[in-house]
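Thanks for coming. I have one model to show today, so let me put it on the screen.

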Amino acid sequence: MTNRFASSKLYSSLFSSKVNPFSAACFSTHIVGESPVLVRDFIHAALYDPEHGYFSQRSGSVGVLDRSIKFNQLEGRKAYMKHLDAIYKQSDTSWFTPVELFKPWYAHGIAEAIMRTANLSVPLKIYEIGGGSGTCAKGVMDYIKLNAPTRVYENMSYISVEISSSLAKKQLETVGAVDSHLAKFRVECRDAADANGWGLEQQPCWVIMLEVLDNLPHDLIYSKDQVSSWMEVWVENKHDRSALSELYKPLEDPLIASCMEILNLAKDGTTVGSMAGSVAKNIWAKVFPRPRRCWLPTGCLKLLQVLHGALPKMSLIASDFSYLPDVRIPGERAPLVASKKDGNSSDHSSYLDAKGDADIFFPTDFWLLERIDHYCSGWLKPHEDNSSKKGKKRRTLTLDTSSFMEEFGLPSKTRTKDGYNPMLDDFKNTKFYLSVPTHNIK
Ligand SMILES: C[S@@+](CC[C@H](N)C(=O)[O-])C[C@H]1O[C@@H](n2cnc3c(N)ncnc32)[C@H](O)[C@@H]1O
């Protein structure tokens with residue numbers, strides 16, 4: 001059993017039956033067409049193309065458990081793993097995310113965090129981006145219905161923004177299991193990173209994103225050695241359209257440039273403020289050239305820019321992988337690209353292998369996420385003196401999943417008889433990021 005199996009995305013043994021390998025192969029060259037595309041556009045198509053994308057073609061890309069796991073009746077880790085194995089064998093799904101495995105307790109922890117922090121004298125408004133099967137939405141609404149003053153539940157609204165039409169439909173079914181939720185819930189099937197879908201919400205609100213950042217498109221920059229300038233990576237079709245290959249272009253894209261600025265990466269390949277281009281370094285790079293590849297979360301930057309623009313008083317709760325084991329793709333913050341065929345899971349060594357039949361997921365650099373959040377709120381201005389700051393400082397906190405659930409959840413509900421608790425013990429590679437606005441402009 002791999003580490004990933006014990007982490008978050010858990011792969012069933014039965015999931016690739018719906019994929020037509022012929023259409024997948026054709027699709028890879030169609031993504032790119034005649035003209036090259038940036039890596040983020042390639043990834044976006046591989047995951048979200050309405051017909052062939054990984055999330056669009058599989059109704060089971062986000063799994064739903066028929067019923068909650070009764071952790072208190074399981075002896076310990078071995079019994080839990082056996083139980084999971086049986087669930088995967090019965091289910092036509094690619095993986096179960098933590099909100100599903102630990103339902104309803106995981107969503108209840110999130111609802112409690114919101115209730116403890118929100119100003120409940122104004123109507124509670126919650127947005128969820130990428131709600132998958134709707135399990136979080138239902139769990140949060142159930143909890144508020146049971147635990148908040150009646151008027152809070154009665155006046156609340158929960159808006160789900162979901163890019164996949166099949167998952168949007170599933171969310172309505174899941175939430176609709178409780179009649180009274182339906183009047184307060186709606187799902188908008190659209191790309192949350194597209195500014196055109198949003199109006200301007202001036203009231204305080206909450207945004208929940210669980211395992212969404214990992215599937216957002218990223219860009220890639222490349223430098224042929226330790227001192228050469230960074231180049232943007234594009235993907236193109238080979239002349240005979242038999243395969244895809246990379247193409248390197250000088251930096252031009254504004255999202256890539258902003259991401260590099262937030263990371264303090266200078267275009268010439270050095271870190272801003274370092275002893276750039278020292279003679280020794282140049283000689284070393286000539287004698288022992290080491291190509292560098294650096295993945296940039298441009299999809300996250302774009303999404304947070306849009307969210308801060310549309311929801312200036314939002315509070316954010318995001319959870320995701322902080323680390324992924326056994327990544328074979330080179331580069332800093334590189335993704336795992338995993339697919340399943342005939343019951344066997346395989347990790348690819350090139351992201352160009354993803355043809356709509358593979359999940360592409362990235363680790364989240366939480367330090368960088370916080371900087372992107374401050375940058376998009378207008379607080380962080382790299383390379384400028386502090387006097388020119390216009391935005392408001394946000395209060396932010398990154399917590400291990402276990403710390404978050406110990407603080408806001410009911411961990412006793414996911415504990416097995418011998419004390420083993422998969423929600424606290426198995427998700428060491430995931431974290432929560434909380435970010436709330438303040439009135440502080442200093
Ligand atoms: C890995 S799944 C996680 C689902 C759910 N949050 C959970 O934890 O079970 C990622 C979800 O984000 C959605 N998604 C990805 N990019 C999106 C975007 N730009 N706008 C809206 N939804 C998006 C996917 O369709 C999917 O529902």
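I will go through the sheet, then the helices, then the ligand shell.

This is a predicted model, in which local features need pLDDT of at least 70, side-chain atom pairs count only at pLDDT 80 or more, and totals for chains, interfaces and linings use all residues. Residues are numbered from 1 along each chain as its sequence is written.

The sheet is open, with seven strands in the order β4-β3-β2-β5-β10-β15-β14 and mixed pairing. Helices (H or I, at least four residues) and strands (E, at least two) are DSSP runs, numbered from the N terminus. Two strands pair if DSSP finds at least two bridges between them. At the edges, pairing on one side only, are β4, residues 185-189, and β14, residues 394-400.

β5, residues 205-210, runs parallel to β10, residues 314-321, over six bridges. In that pair, Ile208 stands opposite Ile317 of β10.

Now the helices on the sheet. α6, residues 105-117, touches β2, β5, β10 and β15, and its direction makes about 155 degrees with that of β10. α9, residues 165-176, touches β3 and β4, at about 175 degrees to the direction of β4. Contact here is between residues whose C-beta atoms, placed from the backbone, lie within 7 Å. Axes are lines fitted to C-alpha atoms, for helices over the stretch in contact, and angles run from 0 to 180 degrees between N-to-C directions.

Another partner is α7, residues 135-147, packed at about 55 degrees with the axes 8 Å apart. α6 and α7 are therefore oblique to each other. Among the residues that meet here are Ala107, Ile110 and Met115 of α6, and Cys136, Val140 and Ile144 of α7.

Last, the ligand. It is surrounded by 21 residues, the closest being Thr97, Gly130, Gly132, Ala192 and Leu210; a residue is near if its C-beta atom, placed from the backbone, lies within 6 Å. α5, residues 98-101, and β3 each supply at least two residues of the shell.

That is what I have.

Notes. Contact = placed C-beta atoms within 7 Å. Parallel < 35°, antiparallel > 145°, perpendicular 65-115°, else oblique.
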